[in-house]
Amino acid sequence: MPELPEVETVRRTLIELVCGKTIQAVEVKLPRIVRTPEDPQLFAALLADQTIRDIGRRGKFLTFVLDDYILVSHLRMEGRYGLYQAADPVEKHTHVIFSFTDHTELRYKDVRQFGTMDLFSHEEAFTKPPLNKLGLEPLEESFTFEAFKKVIHQRTTMIKPLLLNQAYIVGIGNIYVDESLFQAGIHPERSANSLTTNELHRLYDAIKQTLQEAVAAGGSSIKSFVNGQGEIGMFQHQFKVYGRAQQPCTNCGQPIERYVVGGRGTHICPKCQSNKSKLKK
Ligand SMILES: [Zn+2]
């Protein structure tokens, strides 16, 4: 599933590809992708003649800023946008087509069909679900150590599921949580309130650094992201623990272990993150 860095890279790529284009017509081939408004024909009618002014991001949601509306799009597991010529054949799993006045089309493909689109007025977009209850934005200036500490330090739940909860901090998914906890040397099953100030600082720094590096890696490869047909791909990042079960830790050489925490596949170095029992309250 794309996490904050991947969505941020998709956002930057989409700005280059479609910003300034005016929508002529919209075809919704799979109605359940569109949640708001419920009627996909109304969704299409409202979008006609709207120009894409900007594309923002809130957590893992893309926000297409149009003249009168904001289109909130979540890619979920496998959602992909691609820019095509109107004459290009429509590929399998294409569920929504935005046709522009310049005879190009932004097509939304989604094999798993879990992605969502919600169309709101500018006034409503950030006061209604799904954007109204989102937590701290970890790459914004508002993500200070104090703000981070406030949402984390008194909770008795395990730190990993807490970091995955979008109501506290947005955009960090399973991959970047594992990477951040490894970098901070913290066991994922520690209760949040057992973390020392020192550990909270290490974790805060690790989250920011891990996400920033991933955004930079994606940003530097934006060109290679868009294939011949204009489809935007996901970059593969080099991870230190995620997906490296049995391979030696980059720090100490101990084999990385994979097990399940809160229903999610979790990767740790048993030596570098050995502080599970020591401080668990
Ligand atoms: Zn290690």
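Modeller: Two strands are said to pair if DSSP finds at least two bridges between them, and helices (H or I, at least four residues) and strands (E, at least two) are DSSP runs numbered from the N terminus. The model is predicted, so local features need pLDDT of at least 70 and side-chain atom pairs count only at pLDDT 80 or more, while totals for chains, interfaces and linings use all residues. Residues are numbered from 1 along each chain as its sequence is written.

Colleague: Which residue in β7 stands opposite Val26?

Modeller: Strand β7 (residues 94-100) runs antiparallel to β1, and five bridges join the two. Within this pairing, the residue that stands opposite Val26 is Phe98.

Colleague: How many residues of helix α5 are buried?

Modeller: A residue is buried if 20 or more other C-beta atoms, placed from the backbone, lie within 10 Å of its own, exposed if 12 or fewer do, and partly exposed in between. By that count, the buried residues of α5 (residues 174-184) include Ile175, Leu181 and Phe182, and the helix is followed by Gly185, whose phi is positive, near 70°. Helix α5 is mostly covered, the buried count among its eleven residues being ten.

Colleague: How far apart are the centres of domain 1 and domain 2?

Modeller: An automatic or database domain assignment sets the bounds, giving domain 1 (4-121) and domain 2 (145-279). Taken over C-alpha atoms, their centres are separated by 30 Å.

Colleague: Is Thr63 buried or exposed?

Modeller: Thr63 is found in strand β4 (residues 61-66). Two residues are in contact if their C-beta atoms, placed from the backbone, lie within 7 Å, and the contacts of Thr63, leaving aside neighbours within four places in sequence, include Ile55, Val72 and Ala125. Because 20 other C-beta atoms lie within 10 Å, Thr63 is buried.

Colleague: Of the residues that UniProt lists for "binding site", where is Arg112 placed?

Modeller: The UniProt record, an unreviewed entry, lists His93, Arg112 and Arg155; its positions are given in the numbering used here, with feature names shortened, and annotations may be inferred rather than shown by experiment. His93 counts as partly exposed, with 16 C-beta neighbours inside 10 Å, whereas Arg112, with 11, counts as exposed. The place of Arg112 is in the loop between β8 (104-109) and β9 (116-121).

Colleague: Which residue takes a positive phi in the hairpin of β10 and β11?

Modeller: Strands β10 (residues 257-261) and β11 (residues 264-268) pair in the antiparallel sense over five bridges, and the bridge partner of Tyr259 in β11 is Thr266. Two residues lie between the strands of this hairpin, and the one with a positive phi, near 55°, is Gly262.
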